[in-house]
Amino acid sequence: MAEPVLEIRDLKKTFGALKATDGVSLDLRPGEVHALIGPNGAGKSTLIHQISGSFRPDSGTIRFLGQDIAGLDMAARARLGLGRSFQISSLAQEFSALRNVMLAVQARQGTSFRFFRPVMNDKSLTEPAMAMLERVGLAGRAHLPAAELSHGERRQLEIAIALALGSKAFLFDEPMAGMGPEGSKALTKFLDGLRHEAPILLVEHDMDAVFALADRISVLVYGRVIATGTVDQIRNDPEVRRAYLGEAA
Amino acid sequence: MTNAPLMTRETVINTLLALLLLAIPLGASAMGEPFYITLATRIAILALAAVGLNIALGLGGLVSFGHAAFFGLGGYAAGILATHAFDGVPLFAGIPGTASMPIIWLVAVVVCGLIALPIGAISLRTTGVYFIMITLAFAQMIYYFAVSWPAYGGEDGLSIYVRNEFPGVNTAQPLSYFLICYVVLMAALGLFWLLRGSRFGAALQAARQNATRLAAVGIAPFNVRLVAFAVSAMVTGLAGALFADLNKFVSPSMLSWHMSGELIVLIILGGKGRLFGPVAGAMLYVLIEYALGGITERWQFFLGLILLGVVLFARGGLLGLLAGKARHG
């Protein structure tokens, strides 16, 4: 197996008495979709926050492309190539969809300290941004403020932003949430192709999507990974069935 | 990008405001009413100071309650350099004072930028109410320093006996001085317009709307805000230097928290983040001050009522009322 893109070892994070992350180890390998599932409050989002840099873990290591990223803030991790989408969409609400993506394009170019040239006439920003919107199917909504997009469209926009960053790994936190069945299906198909660009760590409650997409699944319960394996292994794991799937199914 | 009309409603209103501000002193000059020229000059300078604050507050969402520090520092730069030039005493290490406005402006802008960097670097570690309070605290420190430093007049302030010079212009003539201030204001508005539309402006406005989003694309909000804070301070400092020359006087009151508050009020009245918000705000403010101030000493009570009305019913300020909601393309 190739070197993992993202390598998490023995990560711990407590909030007071709550062990939100309790010794998690996890790999994300090139070309795979690694789904992270678990009941509400299992610590999935807390884990994503530590990987992306919003929270600092108490102990453990996170290596990305072979580099320990513990000391880097969120912006520096994003520049290295960690693209994320948020559980609750996080966009510049007043900016149009296009301008949200243009921001990612300029970030990737490292040109945010240019003070005079107008961005709206700058084809080196607008064209790549428009191309990303087209890829996620939002081109027709490019000029609407993010605040006026539907929930599902905002999810798509977040993914377009992550694409525009040229991310080397994607962290998607419940990208299907708030989408209708049609939208979920379309997004599942899209993510299926995306894995060849960069591997995806996917937190998702939509089990149809998880079973359709995941090469491997890790099950998180009370801050611990109780099982990691292929879809079939996880489906037939008695402990997983008891802790999680049994309740849900 | 989109097929927008050639002139938006906001552009028309901005043009009218710019022409109105120019027409007042020209008319006053023709009718031999120099008082109104001074009033218009005051509007132009206050608007300039608020254009500076509008970069931090309007674009960046940084509610600095300490911009009087930069307004006053600009004023003292003019006052101190002019005093040394007048007395023929060098500043220090044999460096002479100067009565040349371009040099004074340069000094004011550089000093404000250099002082804004450390103030910003510390203040920007906080947000919200704490940011407001810490910028206020820094401004008050500078205020009390000016009050207690007798070399340049302390509490009594510092007079500029002869207005400083500008190459080829008789600055003592009120209309000429107005035109200098007006041109500087227009240049600053041009700078604001360019900044707002640039890559830096995009990052700065994104920092206001959603700092987490900005960080998630790999742009550190702190750096963007710090540069904006410094540029903002520099423009406000330039206005301070012009204000000192208008009044031929600079005192600690230019540094006081009232002044910081006044600048915020101007922006809220006019419309924050709007290109001509500071101009509309300064016009309205000086008009209220002049019209109501003639009737009652308690004009600020009525200003308060108007402000309350704007905050409750017209969040976008005067420009929001006239030109509608701002659009970001």
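The model is predicted. One helix pair lies in chain A, where α3(A) and α5(A) pack at an angle of about 20 degrees. The other lies in chain B, where α1(B) and α2(B) cross at roughly 160 degrees. The second largest pocket holds about 530 Å³ of space, and the largest cavity about 50 Å³.

**Helix pair in chain A**

- Helix α3 (residues 97-109) of chain A packs against helix α5 (residues 151-164) of chain A at about 20 degrees, and their axes are 8 Å apart.
- Angles under 35 degrees count as roughly parallel, so α3(A) is roughly parallel to α5(A).
- The two helices, α3(A) and α5(A), cross in a right-handed sense.
- On the α3(A) side, the contact is made by Ala97(A), Asn100(A), Val101(A), Ala104(A), Val105(A) and Arg108(A).
- Leu157(A), Ala160(A), Ile161(A) and Ala164(A) make the contact on the α5(A) side.
- Eight residues of this contact are nonpolar, one is polar and one is charged.

**Helix pair in chain B**

- Helix α1 (residues 9-30) of chain B and helix α2 (residues 34-59) of chain B have axes that come within 8 Å, crossing at roughly 160 degrees.
- Angles over 145 degrees count as roughly antiparallel, and α1(B) and α2(B) are therefore roughly antiparallel to each other.
- The crossing of α1(B) with α2(B) is left-handed.
- From α1(B), the contact takes Leu21(B), Ile24(B), Pro25(B), Ala28(B) and Ser29(B).
- From α2(B), the contact takes Tyr36(B), Ile37(B), Ala40(B), Ile43(B) and Ala44(B).
- Nine residues of the α1(B)–α2(B) contact are nonpolar and one is polar, with no charged residues.

**Second largest pocket**

- Helices α3 (68-87), α4 (101-123) and α5 (128-147) of chain B each supply at least two residues of the lining.
- The largest share of the lining, six residues, comes from α3(B).
- The lining has 19 nonpolar and two polar residues, and no charged ones.

**Cavities**

- There are three cavities of 30 Å³ or more in the structure.
- The largest cavity is lined by Ser52(A), Met74(A), Arg77(A), Ala78(A), Leu82(A), Gly83(A), Arg84(A), Leu171(A) and Ala216(B).
- In chain A, α2 (74-80) and β6 (82-85) each supply at least two residues of the lining of the largest cavity.
- Five residues of the lining of the largest cavity are nonpolar, two are polar and two are charged.

Technical notes
Residues numbered from 1 in each chain as written. Chains lettered and ligands numbered in written order. Predicted model: local features only at pLDDT ≥ 70, side-chain atom pairs only at ≥ 80, totals over all residues. Heavy atoms only, no water. Axes fitted to C-alpha atoms, helices over the stretch in contact; angles between N-to-C directions. Helix = DSSP H or I, 4+ residues; strand = E, 2+ residues; numbered from the N terminus. Parallel < 35°, antiparallel > 145°, perpendicular 65-115°, else oblique. Left-handed = near helix turned anticlockwise from the far one by under 90°. Contact = heavy atoms within 4.5 Å. Nonpolar A, V, L, I, M, F, W, Y, C, P; charged D, E, K, R; others polar. 1 Å grid on protein atoms, 1.4 Å probe; cavity = no way out; pocket = protein on both sides within 12 Å on 5 of 7 lines; lining within 4 Å. Points joined across faces, edges and corners; volume = space filled by probe spheres on them.
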